[in-house]
Amino acid sequence: MTGKAPTESRESGFIRWIRFLFRWLFMAIVIYGLLVLFLIIRLFEWPWGRPLTPGITQLACKASLRIMGLKSIQLGYPMQGGGIIVANHIGWLDIFTLNAATRLIFVAKSEVAGWPGIGILAKATGAVFVERDPKRALRQHVEFRQRLAVGDRLVFFPEGTSTDGRRVLAFKSTLFAACFGTGAGPQIQLQPVTLSYWNRRGEHSGDYAYWGEIGFGESLFSVLSKPGGGSARIEFHQPVDLRDFTDRKQLAAHCENIVRAGLEHAQQTAV
């Protein structure tokens, strides 16, 4: 028994590497093949807005989740029309999980633009990159409102960082300021969303998280080399009525409570 352990360990590692390489190659073909189609269609659809290309992004993300061996489980329904979605943040996988469920545009930290592969996709799909500079906050809020005015559906992660997926950090209120002040109004829709990931045994798992000291390459290998059968769960909560809130801090705290309650409920149930 003892003598076989190293061989089994090497075999397990070999299988994981084969699984990773196969999935990585398959995803690259699907994503970048569809990206070429996306860019070609974008050249011709711009006079009518973006009626077609968001669907290509959604198709690419749905296909990628399947290639990664993850089943998408959706609870509730995304709001209709433009607005803001706020969600807890577990890692780069959130981009695929959210995009697979609904058409949207990400508000991401500027560092994401430099992530291998994902940065290119984020730029191509119109992501809004924000910098952690209070001096730029007003300009960013103006851009948010311009996007909302044309019917875009923006999504941002108010925690300001990713977590291990087992908890929800306090929501920072900075980006919620776009819902208040000059140029904003109660017509803006805002929907809280709870994300969670589950392993093949139906257990809530932090193995899909990209956080702390974990490198991007390490996280990518970990996710793509796992056996299939896991799931990405997304719960769309009821949109909140902005008329019930007087300032961004109150709104942020309310959304935080909803998302945290959603995660706690998910942890008590089996997928």
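A helix here is a DSSP run of H or I covering at least four residues, and helices are numbered from the N terminus. The model is predicted.

Helix α1 spans residues 5-45, and F26 is found in it. Is F26 buried, exposed or partly exposed? Its relative accessible area is 39%. Buried means under 20% and exposed means over 50%, so F26 is partly exposed. Now look from F26 to L121. These two residues are 95 apart along the chain. Their C-alpha atoms are separated by 16 Å.

Helix α1 also matters to the count of residues around a pocket. The second largest pocket holds about 260 Å³ of space. It is lined by 14 residues, and the closest to its centre are W24, Y32, P116, G117 and L220. Which elements supply at least two residues each to this lining? They are α1, α4 (118-124) and α6. Of these, α1 gives the most, with five residues.

The largest nonpolar core has 49 residues. Those with the most contacts inside it are M68, W92, L93, F96, L98, V193 and L224. Helix α1 gives the most to this core, with seven residues. A second, separate core has 27 residues, and F171, F176, F245 and L251 are among them.

Leaving out residues up to four places away in sequence, M68 touches R23, M27, W92, L93, F96, V223 and L224.

Helix α3 covers residues 93-101, and nine of its nine residues are buried. L93, F96 and L98 are among the buried residues of α3. D94, T97 and N99 are buried there too. Helix α6 is also mostly covered, with seven of its nine residues buried. Which residues are buried in α6? They are F216, S219, L220, F221, S222, V223 and L224. L220 is also one of the residues closest to the centre of the second largest pocket. L224 has a place in the list of residues with the most contacts inside the largest core.

N199 lies in it, between β6 (190-198) and α6 (216-224). Buried or exposed? The relative accessibility of N199 is 12%, so N199 counts as buried. A polar atom of the N199 side chain lies 2.9 Å from the backbone nitrogen of R201. Beyond residues up to four places away in sequence, N199 touches S205, Y208, G229 and G230.

Finish at strand β1, residues 70-75, where Q74 has its place. Q74 counts as partly exposed because its relative accessibility is 35%. A polar atom of the Q74 side chain lies 3.2 Å from the backbone oxygen of G76. Again leaving out residues up to four places away in sequence, Q74 touches A101, I234 and F236. A101 is one of the buried residues of α3. Q74 and M27 are 47 residues apart along the chain, and their C-alpha atoms are separated by 22 Å.

How values were computed:
Residues numbered from 1 in each chain as written. Predicted model: local features only at pLDDT ≥ 70, side-chain atom pairs only at ≥ 80, totals over all residues. Heavy atoms only, no water. Buried < 20%, exposed > 50% of the residue type's maximum accessible area, 1.4 Å probe, protein only. Polar contact = N/O pair within 3.5 Å; in protein donor to acceptor, adjacent residues only side chain to side chain. Contact = heavy atoms within 4.5 Å. 1 Å grid on protein atoms, 1.4 Å probe; cavity = no way out; pocket = protein on both sides within 12 Å on 5 of 7 lines; lining within 4 Å. Points joined across faces, edges and corners; volume = space filled by probe spheres on them. Core = buried A, V, L, I, M, F, W, Y, C linked by side-chain atoms within 4.5 Å.
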